[in-house]
Amino acid sequence: MTTKQPDSQGTADAPVVLISGGSRGLGLSLVDKFLDMGWRVATFSRSKTPQIEQREQDHGSIGSGRFRWFAVDGTDEDQIRLTVKTIVKNWSRVDTLINNAGAGNDGLLALQRMQDVDQLINVNLRSAILLTQLCSKSMIKNGRGSIVNISSVNSVRGHSGVAVYSATKAALDGLTRSLARELGPRNIRVNSVAPGYFESAMVGELSDDAKKRIQRRTPLGRLAQTKEIAEAVCFLASDQGSFITGQVLVVDGGLTC
Amino acid sequence: MLAKNDAENRVTKTVLDTITELLHEQGLESGGIDESAKLVDTLGLKSMDIAQIVLVLEDELDADPFQEIPITSVRTVGDLINAYRVTLNPDLLTDPRVSLINVAPPSPPSTPAPPPSTSRRPNRRR
């Protein structure tokens, strides 16, 4: 077990992780997981949830604590730049970036409005590329780091009605592989986690019949719990995955095997 | 005028110091760098080394010229120094002594090299 724990001197040397979209679902599970591991955790979302307020109370604010939330629209380049700059200024570095923020947009491509397509590409891909560019600067200077892109089983298997979503996730996997080669010589690892269906807001919109069908087709016979996806992300993000880079780890109970 | 010269000297010194420090870190020859030295061909820097120099200089000089100037236009140490001088003092754009400004258009995309496993090289071992 090589995952860093908080040192006895406090939090000044604790690793720093930035998780996009950490106010609920998988992002919130990741926030909790990294806080439990003793890391300093920064996250952002468009609006604050009661869960974020609770973490702010429990773990304090930047400078005195290990948790900081920013109100950021993931498509606003200036806000993203300012957020990363603030984190680096206050905590001096970013060790790990998790590109988790994402949106779904079901529907036949032929009937979709291009403004909705653009929005999905901006949220799922462009903001992840921008965050990666900004955080990798800190990582290059420090000579170490890790990046995990939250992809999807839709990036490895085709599904009707999610063509653009699938395209953005497959693009993230391409980003993962090329950046792994680009940044590997600077000791920066880049990986993707491709979750299958897990208890989330997106899956919550599925009908009961659809959920039962997915469970039937899944060798493990159930949906994943969110924390099971978070465990895989933490494994790749932390030193436990120290010799893994450029990979897409599919966490789907065997759905795509 | 003196203040302007001081600022330009500071830029030159900061760039040279940063390059020297990185060369030292990489175990490369760092003695006697002059402005005509080519970053890649003469000094042996790789593209990621140049990126690291630019990131350090962004902190040191609080400037990132390469949001405007294509990094591909920078070939020599002097080009790099001039990029910062011009960004920090745009008046220099009209100064005929500043040569970089050579703001060359970006290079066309290159054809990706085939992966090593598929490229055939003559077998020199007989």
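Two strands are taken to pair if DSSP finds at least two bridges between them. Helices (H or I, at least four residues) and strands (E, at least two) are DSSP runs, numbered from the N terminus. The model is a predicted one, in which local features need pLDDT of at least 70 and side-chain atom pairs count only at pLDDT 80 or more, whereas totals for chains, interfaces and linings use all residues. Residues are numbered from 1 along each chain as its sequence is written, and chains are lettered from A and ligands numbered from 1 in the order in which they are written.

In chain A, strand E4 (residues 96-99) pairs with strand E5 (residues 145-150) in the parallel sense over 4 bridges. Asn99(A) has Asn149(A) in E5(A) as its bridge partner. Strand E1 (residues 16-20) of chain A also runs parallel to E4(A), joined by 3 bridges, and Val17(A) stands opposite Thr96(A). In a regular strand the side chains alternate between the two faces of the sheet.

Helix H3 (residues 77-91) of chain A crosses H4(A) at roughly 25°, and their axes come within 10 Å. Axes are lines fitted to C-alpha atoms, for helices over the stretch in contact, and angles run from 0 to 180 degrees between N-to-C directions. H3(A) and H4(A) are therefore roughly parallel (under 35 degrees; over 145 is roughly antiparallel, 65 to 115 roughly perpendicular and the rest oblique). The residues of this contact divide into 7 nonpolar, 2 polar and 2 charged (Ala, Val, Leu, Ile, Met, Phe, Trp, Tyr, Cys and Pro count as nonpolar, Asp, Glu, Lys and Arg as charged, and the others, Gly among them, as polar).

Chain B has 3 helices and 0 strands. Of its 126 residues, 20% count as buried.

Notes:
Buried ≥ 20, exposed ≤ 12 C-beta atoms within 10 Å, placed from the backbone.
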